[in-house]
Amino acid sequence: MKRIVIADDSATARMVIRRCLEIIGLGDAGMVEVPNGREALARLKEEPTDLLVTDLNMPIMDGETLLKWVKGSPKLTHVPVVVITSAGNPAKEALLTELGAFAVLDKPISPATLLKKLEPLMQ
Amino acid sequence: MSQNFDEMVRNSIAVTLENMAFMEVLPQSDETAPESAHSNMSARLLVLDPIQAEMILTLPIKLLRNIIDVVHAFPEEDLAEQIQADMLGELLNTVAGRLLNDFIPGDQSYRLGLPEVSQDHPVLCDGPSKTWKYDVEGEPLTFAIVGSGFFPNDSVSV
């Protein structure tokens, strides 16, 4: 992977996600950190992106809306979206999967759980 | 208030702190809870749907800095206060999500507000409430829930 966009309003959460991505072998990818969905959309449109990792609960534009915009855009629909959230349960996961999320993970994440979900994209 | 719910609360806090900062969380009573000589910082978070409640997490700034040392390694001095608020908010956000995952039926989704952080002591809203106390590395951590959504048949105030 060459470019990954990480969207979370918490700098701490972005740091944890970045560390986990580095630990599972994606440290060479360019990582773009943004604090909300709107900014994530703008950065996704700048350059081809291989992965979007997003939180759900964010100001300005939340992760669910971001997912809908990405999957509704012909230019971005191919970008795999991983949702990492503290507000997820089976019902939410089913909804997000239906909307096109590649994977949904609960916080706090670990490198092992992230690797398990991302392995198909890394091969 | 069932022991099961107490265990859900303990588990949510323990998993969050163990995974993020490798710290052990020990339940305490009023008598055994440690006292901190350091000033506290609190974060509050609203549960918006399907129940209405407020969660408040309070811990000494010293403990917060220890957690930041583990997660961020070397925070820049000029960002210290911002990082403290961010870390506390993220801790509460994660604890709240884990607790609601255990409490709300799996086929029902829920909605949380955004965490708000302040150094003031929290003023609890009206309604039943309960407070849990823990020892984390010799420092006190307090978690409180206010609102009838979690306590439908109780009127708890600890």
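1. A quick reminder before the notes: a residue counts as buried when its relative accessible area is under 20%, as exposed when that value is over 50%, and as partly exposed in between. By that cut-off Glu90(B), with a relative accessible area of 5%, is buried. Keep in mind throughout that this is a predicted model.

2. Leaving out residues up to four places away in sequence, Glu90(B) touches Met20(B) from its own chain, plus Ser10(A), Thr12(A), Ala13(A) and Lys107(A). With Lys107(A) there is a salt bridge, and the closest N and O atoms are 2.8 Å apart.

3. Now the interface as a whole. Chain A brings 21 residues to the contact and chain B brings 26. Between them they bury about 1800 Å², with carbon and sulfur atoms giving 50% of that area. On the chain A side, Thr12(A), Ser86(A) and Pro108(A) are worth a click: they supply 31% of what chain A buries against chain B, more than any other three residues.

4. What about polar links across the interface? There are 14 residue pairs in polar contact, both partners being at pLDDT 80 or more, and one salt bridge. Two helices of chain A, H1 (11–26) and H4 (90–99), each supply at least two residues of the side that touches chain B. H1(A) gives the most, with six residues. By type, that side of chain A divides into ten nonpolar, six polar and five charged residues.

5. Inside chain A, have a look at strand S4 (residues 81–85). Five of its five residues are buried. Val81(A), Val83(A) and Thr85(A) point one way, while Val82(A) and Ile84(A) point the other way. S4(A) runs parallel to strand S3 (residues 51–54) of chain A, and three bridges join the two. In one of these pairings, Val53(A) has Val82(A) as its bridge partner.

6. Chain B has three helices and seven strands, in the order α-β-β-β-α-α-β-β-β-β along the sequence. Of its 158 residues, 47% are buried. Among the chain B contacts with a separation of 6 or more, 70% are between residues 24 or more positions apart.

7. One local example is Lys68(A) with Glu64(A), where the closest N and O atoms are 3.7 Å apart. The two are four residues apart in helix H3 (residues 63–72) of chain A, so about one helical turn separates them. Lys68(A) is partly exposed at 43% relative accessible area, whereas Glu64(A) counts as buried at 17%.

8. Lys130(B) and Asp6(B) form a salt bridge with the closest N and O atoms 3.0 Å apart. That pair links strand S6 (residues 129–136) to helix H1 (residues 3–21), 124 residues apart. Lys130(B) is buried at 13%, and Asp6(B) is partly exposed at 23%. The other pair is Asp49(B) with Arg111(B), at 3.3 Å between the closest N and O atoms. Here strand S2 (residues 40–49) is linked to strand S4 (residues 111–112) of chain B, 62 residues apart. Both partners are partly exposed: Asp49(B) at 33% and Arg111(B) at 46%.

Terms used: Residues numbered from 1 in each chain as written. Chains lettered and ligands numbered in written order. Predicted model: local features only at pLDDT ≥ 70, side-chain atom pairs only at ≥ 80, totals over all residues. Heavy atoms only, no water. Contact = heavy atoms within 4.5 Å. Buried area = accessible area lost by both parts, 1.4 Å probe. Salt bridge = Lys/Arg side-chain N within 4 Å of Asp/Glu carboxyl O. Polar contact = N/O pair within 3.5 Å; in protein donor to acceptor, adjacent residues only side chain to side chain. Nonpolar A, V, L, I, M, F, W, Y, C, P; charged D, E, K, R; others polar. Buried < 20%, exposed > 50% of the residue type's maximum accessible area, 1.4 Å probe, protein only. Pairing = 2+ DSSP bridges.
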